Amino acid sequence: MTVSPDDPRNAYEQVADDLRRKIASGGLKAGQRLDGNAKMADRYGVAAMTIRHALDILRSEGLIVSQQGRGTFVASDPVTTDSTDDVGTMADELGQIKAALDLINSRLDRLESQVRERS
């Protein structure tokens, strides 16, 4: 796919949309390394800065991750992984956090009332 000058979207948006579609369709799989910026720039017919901007968008959406010295990869898709145990663990941890916050709040309430009594 090359960027179309007739498309009303910016070039980086066209590239980001194309990569997003490839990720969503499975054309680019979780963990797969993306081509380098120069190679993608040639393929799309744009400047390397345009590719960087498109990748920044996908990175902010959590669709890709970059690793210093290794490259850019399609992010793991937590929706497609079997994470039933993870959900249970997170629910337990969330319950513990809530209990800790309740304890902190009650201690703060007690301290506030002690301060008011001394004033």
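Predicted model: local features only at pLDDT ≥ 70, side-chain atom pairs only at ≥ 80, totals over all residues.
Residues are numbered from 1 along each chain as its sequence is written. Local features need pLDDT of at least 70, side-chain atom pairs count only at pLDDT 80 or more, totals for chains, interfaces and linings use all residues, and side-chain values use heavy atoms, with hydrogens and water left out.

**Exercise 1. Getting your bearings**

Find how many helices and strands the chain has, and in what order its elements run.

Solution. Start with the count: there are four helices and two strands. Helices (H or I, at least four residues) and strands (E, at least two) are DSSP runs, numbered from the N terminus. Next, read the order from the N terminus on, which is α-α-α-β-β-α. Then look at burial: of the 119 residues in the chain, 21% are buried. Buried means under 20% relative accessible area, exposed over 50%, and partly exposed in between (1.4 Å probe, protein chains only). Finally, take the contacts with a separation of 6 or more: 53% of them join residues 24 or more positions apart. Contact here means heavy atoms within 4.5 Å.

**Exercise 2. Two helix pairs**

Work out how helix 3 is oriented against helix 1 and against helix 2.

Solution. Begin with helix 1 (residues 11-25) and helix 3 (residues 48-60), whose axes come within 8 Å and cross at roughly 50 degrees. Axes are lines fitted to C-alpha atoms, for helices over the stretch in contact, and angles run from 0 to 180 degrees between N-to-C directions. Angles under 35 degrees count as roughly parallel, over 145 as roughly antiparallel, 65 to 115 as roughly perpendicular and the rest as oblique. Helix 1 and helix 3 are therefore oblique. Residues meeting here include Val15 and Leu19 from helix 1, with Ile51 and Leu55 from helix 3.

Now turn to helix 2 and helix 3, with axes 8 Å apart and an angle of about 105 degrees. This pair is therefore roughly perpendicular. On the helix 2 side, the contact uses Asn37, Met40, Ala41 and Tyr44, and helix 3 brings Ala48, Ile51, Arg52 and Leu55.

**Exercise 3. Into the core**

Identify which residues have the most contacts inside the largest nonpolar core.

Solution. A nonpolar core is a set of buried Ala, Val, Leu, Ile, Met, Phe, Trp, Tyr and Cys residues joined through side-chain atoms within 4.5 Å. The largest one has 17 residues, and those with the most contacts inside it are Val15, Leu19, Leu34, Met40, Tyr44, Ile51 and Leu55. Helix 1, helix 2 (37-44) and helix 3 each supply at least two residues of this core. To zoom in, pick Leu34: leaving out residues up to four places away in sequence, Leu34 touches Leu28, Met40, Leu55, Ile64, Thr72 and Val74.

**Exercise 4. Buried or partly exposed?**

Decide whether Ala41 and Asp35 are buried or partly exposed.

Solution. Take Ala41 in helix 2. Its relative accessibility is 6%, so Ala41 counts as buried. Beyond residues up to four places away in sequence, Ala41 touches Val46, Ala47, Ala48 and Ile51. Ala41 and Ile51 are ten residues apart in sequence, with 6.2 Å from C-alpha to C-alpha.

Asp35 sits in the loop between helix 1 and helix 2. With a relative accessible area of 30%, Asp35 is partly exposed. Setting aside neighbours within four places in sequence, Asp35 contacts Met40 and Arg43. Thr72 is 37 residues from Asp35 along the chain, and their C-alpha atoms are separated by 7.9 Å.
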